[in-house]
Structures are given as C-alpha cells and as structure tokens.
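Subject: Structure handover

Hello,

Here is the structure that I am passing on to you. Please open it first, and then read the notes below.

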Amino acid sequence: MFGAGGGTSSYREMEETDLIILWGSNAREAHPIFFHHVLKGIHNGARLYVVDPRRTPSAQWADVWLGLDVGSDIALANAMGREIIVSDLHNKAFIDHATSGFEDYAAAVEGYTLARGETITGVPAEAIRELAHAYATAPTAQLCWTLGITEHHDAVDNVLSLVNLALLTGHVGRYGSGLVPIRGQNNVQGGGDMGALPNRLPGFQDVENPDLRAKFEDAWGVTIPPKRGLHISLMHEAMDEGRLRALYVVGENPLQSEADGEAMQRRLGGLDFMVVQDIFLTPTAELADVVLPAAGWAEVEGTVTSSERRVQRMRKAVQPPGEAMGDIEWLCMVARAMGHDWPTPTAEEAWDELRSLSPMHGGMSYARLEEMGGIQWPCPDESHPGTLFLHGRLWEEDTGPKAPLSVVEWTAPVDPLDDDYPIRLTTGRRLDSFNTGVQTGRYQSPRRIAGVLDLSPEDAESLGVGEGDMVQIVSRRGRVTAPIRLDRSLRPGLSFMAVHFPDDVDVNRLTIDAWDPKSGTAEFKATAVRIEPVPS
C-alpha cells in the first residue's frame, strides 16, 4: 500500500497496541501463529473487534463481533468513515499534512449514514458507531484483513476502504498503528517481493518504467517486454479464447483451487502443452504432459518472507528423494534444454543477484540474516537494521508523496440471491488443513472437520434436514453433495464450506469466477446456492 506491496506493521506491535480489528480474517484457524501475537495483545489489554459474516473462533475472543452480510464491507467502512467525520473524530492535522483527497472522500461517504449502513450490512447502527468511535479514539490501533476482504469482485476497493479509515484517523506510519494484510499462505509475501506479479520486477519495481527495466536488462543480457503481463484471471480468459496455449505450473493446483472448477478443467484440458513442477502428483499434475518432481522446503536452501516483511533463512535438512530437485535446478535445466547457457547458481548466489537489483533487499546478506534472525525490508545496505514499520515519513516535515484517500462505492456481490438461490455460501479454511488438501489430506487429524456444509439450525429446520443428512448444494454453475453440519455461529441465510477437500466435495464447482478488474481476484466468498435434500 502507498506503493509498497506489504503490511506496514510488525508482529511485535500486535502485542503492544491498544486496539485490534480483524476484518474478514479468521486468524485463529487460518493464521494460528499470527493469532498468538493477537492473543498476547489481548492479554496485554488490547480490545479486539472482529468483522466477519460468521462468528468464527477468532470472533469468540472479541470484545465485539460485527456480523456483516457477505460483500458489504465497503458500506460498513464508508459508514464508519462518515461517523468519524460527523463526530469530529478525524485527525485533521494528519489529514492536512500527509493525505490528499479528503474533501472528495468526505462527500462520497456522506450518504452512508449509520441507518443506511445497517440496512446494507445487517450490522446494528449502534455497533457501527461503537467501532468507529473506538478506532478513531484509540491511542494506537492495528487494522488487519485477509481473504475475506480480497476474494471479492471489488477486492482492491475493499482494501482501499480500510486504508481510508487508517488515513482518516492517523493510524498508520507510527509504532503501534498500522495496516496488516495477513498473507494467505507461507511465503506469498516473498513471491510478490521476487517479482511473481504480472506488472512488477523484483523489489516491486514497475516493469513499465524504462529506467528500472534497463537495470535488469543490463544484468540479465536480455530485452524485457515493456508491458505488464496477464494476471491469473486474464490468463483464464486467454485460455478460453485460445490465445494461451501452454502453461508452466510451479507449486500450484489450479484445477482445484480456482473458481468455477468445471470451467477450469475445460481450460486446462484444452491446452496444447502443460508442465507441472510440484512435490506431489496433484490432480493438476495428472493432466500435465510433463511433471518435474520438485524438492520440499526442508530439501533446499533459500529464504522465506512473512507478513511482517521479515526475510528469514531456510536451510536444507535432508536430500530430496529420487529424481526430485529444487526449483532453481529445474528452471536452469529447462533453460539449457531450450538453448540458453544458464549455469545453476546456489541459492545464496541467486539471492545476492536479487540484492544487487532490489534496493529494499540490498543489506540482507545471508550472513546478516543468520546473525539477526531475519530482517524486515526495506533494508538498503549492510549498516541498516531493517524497518520495524513503514511510512513513518507521513509524520515527518517532508512527507514526500501524500497518501490519497480514495472514493469507493459499495456494489452487491455478482452472484445475486433470489428465490431459486436463496442461501449465501461463503468459503474458507479450517485449523488443521491447508488449501486444496494436497499437503494435509494425506494424514489424519483428531481436529479434522471433513467436507461438510455448515448450516444454521434455523435454515436446517426450514429445509427439513438435520445433522449428518446428505444434501445437494446447487449454484448457477454446478452442484455437489455433502453432509450437513449444524453450526450455531451462522446466521440464517448464510452457509459455509471449507476448500480443503475437493476430492470429496469440490466447493469450487459452485463458486463464481467473476473477478476484480484491478487485482484479478475471483469472488470466492459470495456464491448464491440452494440446498436440496438427497432422497433416501
């Protein structure tokens, strides 16, 4: 945010802040290590507010849970923003000094009264008011979110609506106050940092900037295409239109992880050629023309980067089995097979090349990473200690570029509820399982809740079904069969399914691949369904 692709804060700040908001984040189950820092903050006196359609295990620790309707986040954030302004709780000095666009923002949120906020979100007006006042008046506050905010058709606008609240109150750029996007899985932050984005070179350097691009071209001895590439949803469109004919998949299982699973199977099946490089023979790999057996995390050297921007060393503990090799080895071997004279660097040599090209990593030698137990970027040189929190410049006399408040408007989910599809299905994770279950489905867990449909007791009663009954869940795209699990934490009209068991219950046969035009993220969190009993 503000040009840096990472969260502003450190985990330590979660333990020492005055107020924590988890918005669209069930960190207790999806990010349990991070949640330990939240718990330390609670034990140290922080108040916790949870904004989530479900009363999740995270919400059970909250002082207040705001159970909003799925997809109404912008309306809630705008209503909070208006309440902060009309109650004269906005930080005028910070706004004048460090931000731009306040007048346009204030005019845009004027229509989001507490009453309208309640109508759109389902959250009582008094609860919206309480959160707005608590956030605005807290000495320090951390606003955290994850996929409950970003897996929507308006993902970027959702994030901007939260950034607006931090700018409105001055809860950014200082110790204890910040914006915390909790990453969806291990090293997602590191992947983005390394340039695994269609518009960025390593270090979040814009591929369309000729001066930045020239630096990489000189180092690599090649001409880099001057235009951004395709994000994943545009890749799907290109496959549909026959413009993308080959795919190289590294460590992903898109057949089961992408929305609208039937469409994804058709896309992958229609390719001319597909390579999969993975540690498991995933269902995607079973469709591949070539499978390259990769090495696991304990079988290679390297680095990983956490949600607090901390780069840490990863050390090889055992040899890869059989013909498995690390990703660097495979990529260099493929390059040589294609006629390019690529030597195979060590992980440290590859990292040092990265440091020479990415200013925010310049001071992170392997020796310093070992000595310091990890370093938070930006760290421009070897005398720099790393950066505990970002955007402190906003409080300095010379702020540099001002941080913009953004005008964002609420729009309803793309998949509407109606008489044929009256139940909102949202998806997520459980504590003991990971993503599509490729890594966690091979062992048993006493905590495992397998492929079920979570339903409120009220909806179950109206449908004439009970605990364990088999039902069909039908969307506008497909249908699956699953047993009912009664969940008293769900409000009537809302259901939930985990994403971990596609071999048993493939929830992405139901989800819609409508996507955010700014980020390319599909709307996994808002599917309209109906529920039909399975005849005995």
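A salt bridge is a side-chain nitrogen of Lys or Arg within 4 Å of a carboxyl oxygen of Asp or Glu. This is a predicted model, in which local features need pLDDT of at least 70, side-chain atom pairs count only at pLDDT 80 or more, and totals for chains, interfaces and linings use all residues. Residues are numbered from 1 along each chain as its sequence is written, and side-chain values use heavy atoms, with hydrogens and water left out.

Salt bridges

The structure holds 28 salt bridges. In one of them, Arg355 meets Asp352, with 2.8 Å from N to O. Both residues sit in helix α18 (residues 347-357), and being 3 residues apart, they are separated by about one helical turn. Helices here are DSSP runs of H or I with at least four residues, strands are runs of E with at least two, and both are numbered from the N terminus.

How accessible are the two partners? Residues under 20% relative accessible area are called buried, those over 50% exposed, and those in between partly exposed (1.4 Å probe, protein chains only). Arg355 is buried at 15%, whereas Asp352 is partly exposed at 32%.

A second pair is Arg245 with Asp272, where the closest N and O atoms are 2.9 Å apart. Arg245 is partly exposed, with a relative accessible area of 31%, and Asp272 is exposed, at 53%.

Arg310 and Glu308 form another salt bridge, with 2.7 Å between the closest N and O atoms. Glu308 is buried, at 7% relative accessibility. There is also a network of salt bridges that links Glu301, Arg313, Arg315 and Glu370.

Helix α13

Which residues of α13 are buried? They include Ser233, His236, Ala238 and Met239. The buried residues of this helix pack against α15; contact means heavy atoms within 4.5 Å. After α13 comes Gly242, which has a positive phi, near 80°.

Domains

The domain assignment divides the protein chain into domain 1 (11-181), domain 2 (188-376) and domain 3 (423-533). Such bounds come from an automatic or database domain assignment. Taken over C-alpha atoms, the centres of domain 1 and domain 2 are 33 Å apart.

Nonpolar cores

In soluble globular proteins, nonpolar side chains tend to be buried together. A nonpolar core is a set of buried Ala, Val, Leu, Ile, Met, Phe, Trp, Tyr and Cys residues joined through side-chain atoms within 4.5 Å. The largest such core has 51 residues, and Ile21 and Trp23 touch the most other members. Helix α8 (residues 125-137) supplies the largest share of this core, 8 residues. Apart from this core lies another, of 18 residues, among them Ala27, Phe34, Ala59 and Val180.

Which residues does Trp23 touch, not counting those up to four places away in sequence? Among them are Val51, Asp73, Leu76, Met80, Trp145 and Leu165.

Two single residues

Gln142 is found in strand β5 (residues 141-145) and is buried, with a relative accessible area of 0%. The side chain of Gln142 reaches the backbone oxygen of Gly176 at 3.0 Å. Leaving aside neighbours within four places in sequence, Gln142 is in contact with residues including Ser9, Glu13, Ile21, Gly176 and Val180.

Ala98 is found in helix α5 (residues 92-98), and Ala98 is also buried, with a relative accessible area of 0%. Not counting residues up to four places away in sequence, Ala98 touches Leu394, Thr399, Lys402 and Ala403. Between the C-alpha atoms of Ala98 and Thr527 there are 39 Å, and the two residues are 429 residues apart along the chain.

Cysteines

How many disulfides does the structure hold? There are 0, where a disulfide is a pair of cysteine sulfur atoms within 2.5 Å. Cys332 is buried, with a relative accessible area of 7%, and Cys379 is buried, with 0%.

Regards

Methods
Polar contact = N/O pair within 3.5 Å; in protein donor to acceptor, adjacent residues only side chain to side chain.
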